[in-house]
Amino acid sequence: MNASGRIIRRGGAGGRAIQYDYVSAASYANLPSIAEENTFGFITTLAIADVLIANDRPAGRPTGEIRVKIGSKSLRLLTILEDPLVTGYVLTAYQYNGTSWVLLEAYLRESATWKRIRSEFYNAGAVGLVGSFSGTSTGAANYTIGSNTLVLRMTTGGTSGYARVNGANPINVTDFDTLKIDYARYRGGSSGSHKAYLFLNPTVLSGTNAGFSTGVAGVDLSTGAKTLSLDVSALTGLQYIHVALGKSSYYETDDLTVNAIYGE
Amino acid sequence: MDEIITVTVYLDSEYRCYAEPAEGFAPYATEFFVGCEDLIPRYRIVPHGESWTRADGAVFYGEMIAPI
C-alpha cells in the first residue's frame, strides 16, 4: 500500500508527486522482513484510510486516517525521492479511531531495519539529541554514567543524600507530547523518606536530599521495573531532562537504573 | 528531620488542580506549589496510586505533575 501527495510550484501547474510507502501489522514481529527504505511500519489493527504528513490532528477525520508529525529534530530522518526532494525528522504517528487520535507504535525503514519512530534521548548507553549526560551527587549517594545504563544510588554511608543525572543540553519539548522512561528501582527498606523523579526544567536544578525540587513537570519513579510517562503536551520550549534520587532519613539503600528516556 | 511544608490543592475528576474546594473535588497536599500558588490552576496532578488517561489513550501513573 502507499499514499502520495503532490508539491505544486507556486503560480501554476507542475511540481512532483511525493511517495511514501507504508505497511501495517498487528505487532512488530509481523512487520515484513523486506521493505523499501523510508517505508513506514504502523502497528495497528484498524484499517488505514490514508497517511498524511501533517502536524495537526483535527477532529472529524475519516476513521483509520494516520497523520505523521514532522519536527525540528529526532533520530528518524524521512527522505522522499532520490534527490532527496523532501526530508524531515519524523516524531510521531497518530491514527484517528472515529473518536480521537491514538498514538501508534510506528517504525521507519532505515538501513534495512525497522527503526522505532520516537525522539530518543538515552537508550542503553546510546545518547541522542541531548549530546551527553552529566551528573552530581552529595552525601550518602553516588551515580554512574555507564556504558549501558544510568545508575543513581543511595548508600548506607549516611542518612541524607542526593544524586542526579541530566542531559548536557536542553531538549525542545514542543515537538512531542509524552516523555517516557524505562527504569528499575529497588529500595533496601521502606522506613526512610526517599524520592525519585524524572523531571524537566529550563535550567539544571540541584538538591541535597529527598526535598529536591521537581522542576516544571515531573513523574515519581516508584519502585519496580517499569516504563512511566510524563505528559508534556502543554509544555513548550527548551527543557533539561533530570533524573534525581534523594533521601532524608535512615541508612537504607535505594538503587535506580535508567535504561531509556525518549519522547513520543 | 525538617518539617515538610505543603499546599493543599483540590483535584477534579480529570486531576486538574484548583485552589479552592468544590463538590466532588479531592483535596491533595503537595510540596510542589509552595511559594508558587498562582500556578495551581495551570497544573494537573495525578496522585500516587492513581492513573489518568489522556484523550489519545496515553496512560499516566501518579504521582505525575504536569502543566495543562
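A: Let's begin with confidence: pLDDT is the predictor's confidence in each residue, from 0 to 100. This is a predicted model, in which local features need pLDDT of at least 70 and side-chain atom pairs count only at 80 or more, while totals for chains, interfaces and linings use all residues. Residues are numbered from 1 along each chain as its sequence is written, with chains lettered from A and ligands numbered from 1 in the order in which they are written.

Q: What are the ipTM and pTM of the model, and what is the mean pLDDT of chain B?

A: The model scores ipTM 0.95 and pTM 0.82. Chain B has a mean pLDDT of 94, with 96% of its residues at 70 or more. For chain A the average is 87, and 87% of the residues score at least 70.

Q: How many helices and strands does chain A have?

A: Chain A has zero helices and 23 strands. Of its 264 residues, 38% are buried. Buried means 20 or more other C-beta atoms within 10 Å of the residue's own; exposed means 12 or fewer, and partly exposed is in between. Looking at contacts in chain A between residues at least 6 apart in sequence, 60% join residues at least 24 apart.

Q: Which strands of chain A does β9(A) join?

A: Count the bridges: two strands pair if DSSP finds at least two between them. Four bridges link β9(A) (residues 105–110) to strand β3 (residues 40–43) of chain A, and these strands run antiparallel. Here A:Phe40 has A:Leu108 as its bridge partner. Another four bridges link β9(A) to strand β10 (residues 113–116) of chain A, again antiparallel. β9(A) and β10(A) form a hairpin with two residues between them, and A:Ser111 in the turn has a positive phi of about 50°.

Q: What is the secondary structure of chain B?

A: Chain B has zero helices and seven strands. The radius of gyration of chain B is 12 Å, close to the 11 Å from the globule rule for 68 residues, so chain B is as compact as a globular protein of that length. This radius is taken over C-alpha atoms, and the rule is 2.2 Å times the number of residues to the power 0.38. Along the principal axes, the C-alpha atoms of chain B fill a box of roughly 40 × 30 × 20 Å. Buried residues make up 22% of this chain.

Q: What is the order of the three strands in the open sheet of chain B?

A: The order is β2-β1-β3, with antiparallel pairing. β2 and β3 (26–30) of chain B are at the edges, each with a single partner strand, so one side of each has no neighbour in the sheet. Two bridges join β1 (residues 7–11) of chain B to β2(B), and B:Leu11 has B:Cys17 as its bridge partner.

Q: Is B:Cys17 buried or exposed?

A: B:Cys17 is buried, because 23 other C-beta atoms lie within 10 Å. This residue is in strand β2 (residues 17–18) of chain B. Leaving aside neighbours within four places in sequence, B:Cys17 has contacts including B:Val9, B:Ile40 and B:Tyr43.

Q: How many residues does each chain bring to the contact between A and B?

A: Chain A brings 22 residues and chain B brings 17 residues. On the chain A side, β8 (101–103), β20 (217–220) and β21 (224–231) each supply at least two residues. By class, that side has twelve nonpolar, eight polar and two charged residues. Nonpolar covers Ala, Val, Leu, Ile, Met, Phe, Trp, Tyr, Cys and Pro; charged covers Asp, Glu, Lys and Arg; the others, Gly among them, are polar. Strand pairing also crosses between the chains: two bridges join β20(A) to strand β7 (residues 64–67) of chain B, running antiparallel. There, A:Gly218 stands opposite B:Ile65.

Key. Contact = placed C-beta atoms within 7 Å.
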